[in-house]
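Subject: Structure for your review

Dear colleague,

Please find below the structure that I am handing over to you.

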Amino acid sequence: VLFRSADITVRLWQQYRSAGPAAKARELCKLLVKALPQTIEILLSSIESLASEYDFADDVRNQHGAIFLESLLFILHLVDRNAFEFLEEAERDLFMDTLIVEAATKFEQAYPTDALKVLYSERQAQYAECDKFFPGQEEPAKDTFAWEFAKNIATHFDEETSRIQFMVYLG
């Protein structure tokens, strides 16, 4: 679902290309940002299901806001990866800059805009080091998207055991 959403996002941008870059970027990104909460909720539902199965659901419930933020940053990174694949550099920069501003505006009551932008930059650097989503058979999970995402979420949990379990099961 996440990869498909990111792919659809970039393909929509390609359709808007000819209509005038800056104005259409804002228009499109506002539309996309409206869909972010639903996409994030799908991801959160999967996380909550996994947490219930392995007995750390309380940690997930207690840290819903932090996990929502990590999920938002992760999805934005996936969109950016697709943007690199399909858009020219200048288009990608305009598209992602606009998307980040729109996302920050949408969630500014929960997350201050400047703080969201700084954390986004940090996650971009972290996820840029990942080459694949999941490890191959008999490969360690370290340095995959799933592992790094799980690690970011697990830092918000209260108990060390829950952190380790979550990273192992998700990563």
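Which hand does the crossing of H6 and H7 have? The crossing is right-handed. Please bear in mind throughout that this is a predicted model.

The axes of H6 and helix H7 (residues 145-154) come within 10 Å and cross at roughly 145°.

Overall composition

The protein contains eight helices and zero strands, and its pattern along the sequence reads α-α-α-α-α-α-α-α. It has 171 residues, of which 46% count as buried. Among contacts in the protein with a separation of 6 or more, 66% are between residues 24 or more positions apart.

Helices H5 and H6

H6 also meets helix H5. The axes of H5 (residues 89-106) and H6 (residues 113-128) come within 9 Å and cross at roughly 135°. H5 passes H6 in a right-handed crossing.

From H5, the residues that meet H6 are Arg 92, Met 96, Ile 100, Val 101, Ala 103 and Ala 104; their partners in H6 are Thr 113, Leu 116, Lys 117, Tyr 120 and Gln 124. By class, seven residues in the contact of H5 with H6 are nonpolar, two are polar and two are charged.

H5 itself consists of 18 residues and reaches 25 Å from its first C-alpha to its last, which is close to the 26 Å expected at 1.5 Å a residue. The buried residues in H5 are Glu 91, Arg 92, Phe 95, Met 96, Thr 98, Leu 99, Ile 100, Glu 102, Ala 103 and Ala 104.

Helix H7 and Ile 153

Why is H7 described as largely enclosed by the rest of the structure? Nine of its ten residues are buried, so the description follows from that count. The buried residues of H7 are Phe 145, Ala 146, Trp 147, Glu 148, Phe 149, Ala 150, Asn 152, Ile 153 and Ala 154.

Ile 153, which is found in helix H7, has a relative accessible area of 0% and is therefore buried. The C-alpha atoms of Ile 153 and Ile 67 are separated by 5.8 Å, although these residues are 86 residues apart along the chain.

The loop between H6 and H7

Two residues of this loop deserve mention for their backbone angles. Most residues other than glycine have a negative phi. Glu 138, however, has a positive phi of about 70° although it is not a glycine. Glu 138 lies in the loop between H6 and H7 and is exposed, with a relative accessible area of 79%.

Asp 143 likewise is not a glycine and has a positive phi of about 70°. Asp 143 also has its place in the loop between H6 and H7. With a relative accessible area of 41%, Asp 143 is partly exposed.

Yours sincerely

How values were computed:
Residues are numbered from 1 along each chain as its sequence is written. This is a predicted model: local features need pLDDT of at least 70, side-chain atom pairs count only at pLDDT 80 or more; totals for chains, interfaces and linings use all residues. Side-chain values use heavy atoms; hydrogens and water are left out. Axes are lines fitted to C-alpha atoms, for helices over the stretch in contact, and angles run from 0 to 180 degrees between N-to-C directions. Helices (H or I, at least four residues) and strands (E, at least two) are DSSP runs, numbered from the N terminus. A crossing is left-handed if the near helix is turned anticlockwise from the far one by less than a right angle, and right-handed if clockwise. Contact means heavy atoms within 4.5 Å. Ala, Val, Leu, Ile, Met, Phe, Trp, Tyr, Cys and Pro count as nonpolar, Asp, Glu, Lys and Arg as charged, and the others, Gly among them, as polar. The expected span of a helix is 1.5 Å times one less than its number of residues. Buried means under 20% relative accessible area, exposed over 50%, partly exposed in between (1.4 Å probe, protein chains only).
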